[in-house]
Amino acid sequence: MARRPLVMGNWKLNGSKAFNAELISALKAELHGVTGCDVAIAPPVMYLAQAEVALQGCGCSCSGKGVVQLGAQNVDVNVQGAFTGDISIEMLKEFGAKYIIIGHSERRTYHKESDEFIAKKFEVIKKAGLVPVLCIGESETENEAGQTEAVCARQIDAVINALGVEAFNGAVIAYEPIWAIGTGKSATPAQAQAVHAFIRGHIAAKSQAVADQVIIQYGGSVNDANAAELFTQPDIDGALVGGASLKAPAFAVIVKAAEQAKA
Ligand code: PGA
C-alpha cells in the first residue's frame, strides 16, 4: 500500500517575527509545485497566527491553500479552565494547526512527561480531529544495552493500551533515536529501516490494516545530504526535521527527496 510521505519541520525554540517571515516566504518559493509529499512546519506556538497568515496563497497547484501545512510542538491534555500557561487543542485548531507533535524526547526529559500522559495528549488530538505525531525512540544507553525495540514497543503500547490500535489510523509516528537528535550523527538508513520495520510489525500484530497506513517518520540529524538515502527505505515514510528545517533550501531538498523516493 502506498503511503504519502510527510516531511515536517520542528522549529523547537527558534524564530522571531522577522526570521519567520523570511523563512516562510522562502519555503513557499522553494516548495512551489510540490505535490507528492505532505509538508508541515511547527513553529513556536506564539507564532502560529503569524504563520497561518503567511502560509496562505502561494499561487501554485495547491489552489491557494498552500503546500505547507501548520503544526505545533506540544498540546495540553486539558481543553479549558484553570490551567495557567497551557495551550489547548481547540486553540491550536483555531489557528490552523493540523499535525501536533507529542512525546518529543526533549519534553519527556525536561518536562518529565510519561508514556501515559503522552497517551492522554494523543487522545485529545484525535478527539479534535487533528493528527498526532507521536515521537518515540531510545537513548544511547538503551541502544547500547540492546533495548531499542523494547523502548519503542513500550512507548507505542501506552497508546494502544489506552485507546486501542485503531487510534493509529490517520496518525503519525516519528522514530527519533535520542542519540541522533541534534548531534549530526543520524542513524544509518539500514539501522533506521530495521527499527521502522519493527514498529510497523509491532502494530501489525494487532492490526495489519492500521500498520499498513500509519506514517512512520525518521528523525534525528536528517539533512539535505542524508535524506534521499533514508527515504529509499521501504518503511521510512518521511522525516521530522529539527535543525535543517530552519534553512529553506535544505528543508526543500529533504521534501523533494521524499517526493522523488516515494513517487
Ligand atoms: P534534529 O532534530 O533534526 O535537529 O536532529 C530532530 C527533532 O528533534 O525532531
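**Basis of the entries.** I worked on a predicted model, in which local features need pLDDT of at least 70 and side-chain atom pairs count only at pLDDT 80 or more, whereas totals for chains, interfaces and linings use all residues. Residues are numbered from 1 along each chain as its sequence is written, and side-chain values use heavy atoms, with hydrogens and water left out.

**Entry 1: the annotated active site.** I consulted the UniProt record, an unreviewed entry, whose "active site" annotation covers His104 and Glu176. UniProt positions are in the numbering used here, feature names are shortened, and annotations may be inferred rather than shown by experiment. The two residues are spread over 73 residues of sequence but cluster in space, with a largest C-alpha distance of 8.4 Å. I noted both His104 and Glu176 in the lining of the largest cavity. On a 1 Å grid over the protein atoms alone, a cavity is a set of points where a 1.4 Å probe fits but cannot get out; a pocket is an open set with protein on both sides within 12 Å along at least five of seven lines; lining residues have an atom within 4 Å of a point.

**Entry 2: His104.** I placed His104 in the loop between strand E4 (97-102) and helix H4 (105-110). Helices (H or I, at least four residues) and strands (E, at least two) are DSSP runs, numbered from the N terminus. Is His104 buried or exposed? His104 counts as buried because its relative accessible area is 5%, and buried means under 20%, exposed over 50%, and partly exposed in between (1.4 Å probe, protein chains only). I also recorded a polar atom of the His104 side chain at 2.9 Å from the backbone nitrogen of Glu106. A polar contact is a pair of N or O atoms within 3.5 Å; within protein, one must be able to donate a hydrogen and the other to accept it, and residues adjacent in sequence count only if both atoms are side-chain atoms.

**Entry 3: Glu176.** I found Glu176 in the loop between strand E6 (172-175) and helix H8 (189-204). Glu176 is buried, at a relative accessible area of 5%. Beyond four places in sequence, the residues that Glu176 touches include His104, Cys135, Ile136, Gly137 and Leu240. What joins the side chains of Glu176 and His104? I noted a polar contact of 3.3 Å between them.

**Entry 4: the ligand.** A polar side-chain atom of Glu176 is 2.7 Å from a ligand oxygen atom. From the backbone, an N or O atom of Gly242 lies 2.8 Å from an oxygen atom of the ligand, and a polar backbone atom of Gly243 is 2.8 Å from a ligand oxygen. Taken alone the ligand exposes 290 Å², of which the protein buries 95%; areas come from the Shrake-Rupley method with a 1.4 Å probe, and for residues only the protein chains shown count as cover.

**Entry 5: the annotated binding site.** I returned to the unreviewed UniProt entry, which lists Asn10, Trp11, Lys12, Gly182, Ser221, Gly242 and Gly243 under "binding site". They span 234 residues in sequence, yet no two of their C-alpha atoms are more than 13.8 Å apart, so they gather at one spot. Of these, Asn10 and Lys12 are included in the lining of the largest pocket.

I then checked individual members. Lys12 lies in the loop between strand E1 (6-10) and helix H1 (17-31) and is partly exposed at 22%. Its contacts beyond four places in sequence include Ala42, Pro44, Gln73, His104 and Gly242. Lys12 is not a glycine, although its phi is positive, about 50 degrees. Ser221, also not a glycine, has a positive phi near 60 degrees. I located Ser221 in the loop between strand E7 (215-219) and helix H10 (227-231), where it is buried at 16%. Gly243 belongs to the loop between strand E8 (238-241) and helix H11 (248-261) and is exposed at 52%.

Methods: Contact means heavy atoms within 4.5 Å.
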